[in-house]
Structures are given as C-alpha cells and as structure tokens.
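Dear colleague,

I am passing on the model we spoke of, together with some notes on it.

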Amino acid sequence: MAYASLITHVRDDAPSRLRLEAALALADRFKAKVIGVGAETYPPAALAMESSVLLPGSSYGVLEATRSDIEAARKLFKSRVPGADPEDWRETIGRPAEVV
C-alpha cells in the first residue's frame, strides 16, 4: 500500500505532538509527506460575552490568542519537519474537525 501524503491537525500540546510523531513515522514507512494543518476556533459564546458584557471591545484579544495558538502549531510543525515545503503547512481559523 502506498500513500502520497498524510494530513494531521497540529497544536502545540502533548497529544498533538504524539499525533505528529505518529504521522511522521507512518510517512517515513510509506515514503509519504506530511501535511500539517493549524486550525483553531474560539467559542462564540465566550467571544460574545467578552465583547459585550465583560470587557467591551476585547474580542480582538480572543482572536489574537487563537492566531497565537496557530502560530505555535506552525513553529512546532516546522521544527519537526524541517524540510517541509511551504505548501505542506495549511492554517485557518475554523473548526479543526471540519478543516482537516
């Protein structure tokens, strides 16, 4: 059986590091490349509460934290897959289960 590519959701946390290592091991075994996906979302209720009740105008902070999480995931992917082409990394703000 041959695979050209394996795709995995990447976060900068312990379960994701294990998932990435598993994807890299499979890719090595099947001579495939790994495509990493950084996809995060934020709870709409938290965003609504933060922007209208708790801290008016602070929804920017929630969005920036989400972007920061995606950036940390990208750095992890690039550190573990140093020879990856730029197209081997995808990122977006969205539900990971729907994006991957």
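This is a predicted model: local features need pLDDT of at least 70, side-chain atom pairs count only at pLDDT 80 or more; totals for chains, interfaces and linings use all residues.

Residues are numbered from 1 along each chain as its sequence is written, and side-chain values use heavy atoms, with hydrogens and water left out.

The secondary structure comes to four helices and three strands, where helices (H or I, at least four residues) and strands (E, at least two) are DSSP runs numbered from the N terminus. Along the sequence these follow the pattern β-α-β-α-α-β-α. Strand 1 and strand 2 pair in the parallel sense over five bridges, pairing being assigned if DSSP finds at least two bridges between two strands; Leu6 has Val34 of strand 2 as its bridge partner. Among contacts (heavy atoms within 4.5 Å) with a separation of 6 or more, 68% join residues 24 or more positions apart.

Of the 100 residues, 31% count as buried, that is, under 20% relative accessible area, with exposed meaning over 50% and partly exposed in between (1.4 Å probe, protein chains only). Strand 2 (residues 33–40) is mostly covered, with seven of its eight residues buried.

The largest nonpolar core has 14 residues, and those with the most contacts inside it are Val10, Leu20, Val34 and Phe77; such a core is a set of buried Ala, Val, Leu, Ile, Met, Phe, Trp, Tyr and Cys residues joined through side-chain atoms within 4.5 Å. Helix 1 (14–30) and helix 3 (59–80) are the elements that give two or more residues to this core, and the largest share, four residues, comes from helix 1. Leaving aside neighbours within four places in sequence, Leu20 is in contact with Thr8, Val34, Leu76, Phe77 and Arg80. Thr8 lies in strand 1 (residues 5–9) and counts as buried because its relative accessibility is 6%.

Val99, in helix 4 (residues 96–99), is partly exposed, with a relative accessible area of 35%.

With best wishes
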